[in-house]
Amino acid sequence: MYCFLTKNQVVAKSKCFCLSLLKKIQKMIPKEIPIDEALILRQKVLWPHKNLDFVKTPTDSKGVHFGINVVGKWISCISLFMEKEGRAQFRKFATLPEFQGNGYGSQLLNHSFDFLKEKKIKTVYCSARTEKQDFYKKFGMQPAGEIYEKNGLQYIQMQKTFIYP
């Protein structure tokens with residue numbers, strides 16, 4: 001019996017088995033990902049033509065790194081960094097291309113926001129690639145500032161403020 005999961009399709013010897021597996025996978029719970037695994041995923045998705053050192057940040061050792069693992073393979077990751085005055089930044093948010101569009105990144109971002117709310121973070125922000133703005137807007141994030149260029153790509157800071165009772 002075999003099953004291959006690709007974007008928007010399942011190819012299988014046993015269709016019943018794969019549909020059952022797909023339903024379980026779609027409800028995967030994000031968990032902490034080892035930084036070495038996060039680095040590999042970041043490099044594959046965000047900067048495939050750069051070396052692994054390029055995707056490291058100076059503060060990785062101080063961050064909280066979450067990921068989604070599907071059948072033993074890390075497919076999505078995000079890194080959170082707490083700052084002073086109730087602020088946090090998320091960076092290096094990546095999902096393997098063949099798994100994009102299936103809700104895994106959304107699950108991971110929602111999990112991250114819940115984690116930050118538990119920590120009573122007031123504002124979360126990221127440097128988003130400009131073509132990804134609409135994705136972040138679905139989660140209540142808004143552009144803050146001007147578009148800028150870094151490493152040949154266009155970015156804009158996006159942020160969200162959490163309201164507590």
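This is a predicted model: local features need pLDDT of at least 70, side-chain atom pairs count only at pLDDT 80 or more; totals for chains, interfaces and linings use all residues.

User: Let's start in the middle of the sheet. How many bridges join E5 to strand E6, and which way do they run?

Analyst: There are 6 bridges between E5 and strand E6 (residues 87–95), and the two run antiparallel.

User: What does the turn between E5 and E6 look like?

Analyst: E5 and E6 make a hairpin with 4 residues between them. In that turn, glutamate 85 has a positive phi of about 60°.

User: And which way does E4 run against E5?

Analyst: Antiparallel again: strand E4 (residues 64–70) is joined to E5 by 7 bridges. Those two form a hairpin as well, with 2 residues between the strands, and valine 71 takes a positive phi near 50° there.

User: Is E5 enclosed or open, and why?

Analyst: Strand E5 (residues 73–82) has 8 of its 10 residues buried, so it is largely enclosed by the rest of the structure.

User: Let's zoom in on histidine 65. Where does it sit?

Analyst: Histidine 65 is in strand E4, and its bridge partner in E5 is serine 79. Their side chains also make a polar contact, at 2.7 Å.

User: Is that histidine 65 buried or exposed, and why?

Analyst: Histidine 65 counts as buried because its relative accessibility is 6%, where the cut-off for buried is under 20%.

User: Which backbone oxygen lies 2.9 Å from a polar atom of the histidine 65 side chain?

Analyst: That is the backbone oxygen of aspartate 60. Leaving aside neighbours within four places in sequence, the contacts of histidine 65 include Lys31, Glu32, Arg42 and Phe81. Ile78 is also one of them.

User: OK, what does isoleucine 78 touch, not counting residues up to four places away in sequence?

Analyst: On the E4 side, isoleucine 78 touches residues including Val64, His65 and Phe66. Its other contacts include Phe90, Arg91, Lys92 and Phe93, as well as Leu108, Leu109 and Ser112.

User: Switching to the core. Which residues touch the most other members of the largest nonpolar core?

Analyst: Out of 40 residues in that core, the ones touching the most other members are Ile78, Leu80, Phe90, Leu109, Phe113, Leu116 and Tyr136. At least two core residues each come from helix H2 (35–46), E4, E5, E6, helix H3 (104–118), strand E7 (123–129) and strand E10 (153–161). H3 gives the largest share, 6 residues.

User: Then tell me about H3. How many residues does it have, and what span does it reach?

Analyst: H3 has 15 residues and reaches 21 Å from first C-alpha to last, close to the 21 Å expected at 1.5 Å a residue.

User: Which residues of H3 are buried?

Analyst: Tyr104, Gly105, Leu108, Leu109, Ser112, Phe113, Phe115 and Leu116 are buried in H3. As background, an α-helix has 3.6 residues a turn, so residues three or four places apart point the same way. Just after H3, lysine 120 takes a positive phi of about 60°.

User: Now the big picture. How many helices and strands are there in the protein chain?

Analyst: The protein chain has 4 helices and 10 strands. From the N terminus, the order is β-β-α-β-α-β-β-β-α-β-α-β-β-β.

User: And what share of the protein chain is buried?

Analyst: Buried residues are 40% of the 165 in the protein chain. The chain exposes about 10,000 Å², with carbon and sulfur atoms supplying 52% of that.

Methods:
Residues are numbered from 1 along each chain as its sequence is written. Side-chain values use heavy atoms; hydrogens and water are left out. Buried means under 20% relative accessible area, exposed over 50%, partly exposed in between (1.4 Å probe, protein chains only). Accessible areas come from the Shrake-Rupley method with a 1.4 Å probe; for residues, only the protein chains shown count as cover. Two strands pair if DSSP finds at least two bridges between them. A nonpolar core is a set of buried Ala, Val, Leu, Ile, Met, Phe, Trp, Tyr and Cys residues joined through side-chain atoms within 4.5 Å. Contact means heavy atoms within 4.5 Å. The expected span of a helix is 1.5 Å times one less than its number of residues. A polar contact is a pair of N or O atoms within 3.5 Å; within protein, one must be able to donate a hydrogen and the other to accept it, and residues adjacent in sequence count only if both atoms are side-chain atoms.
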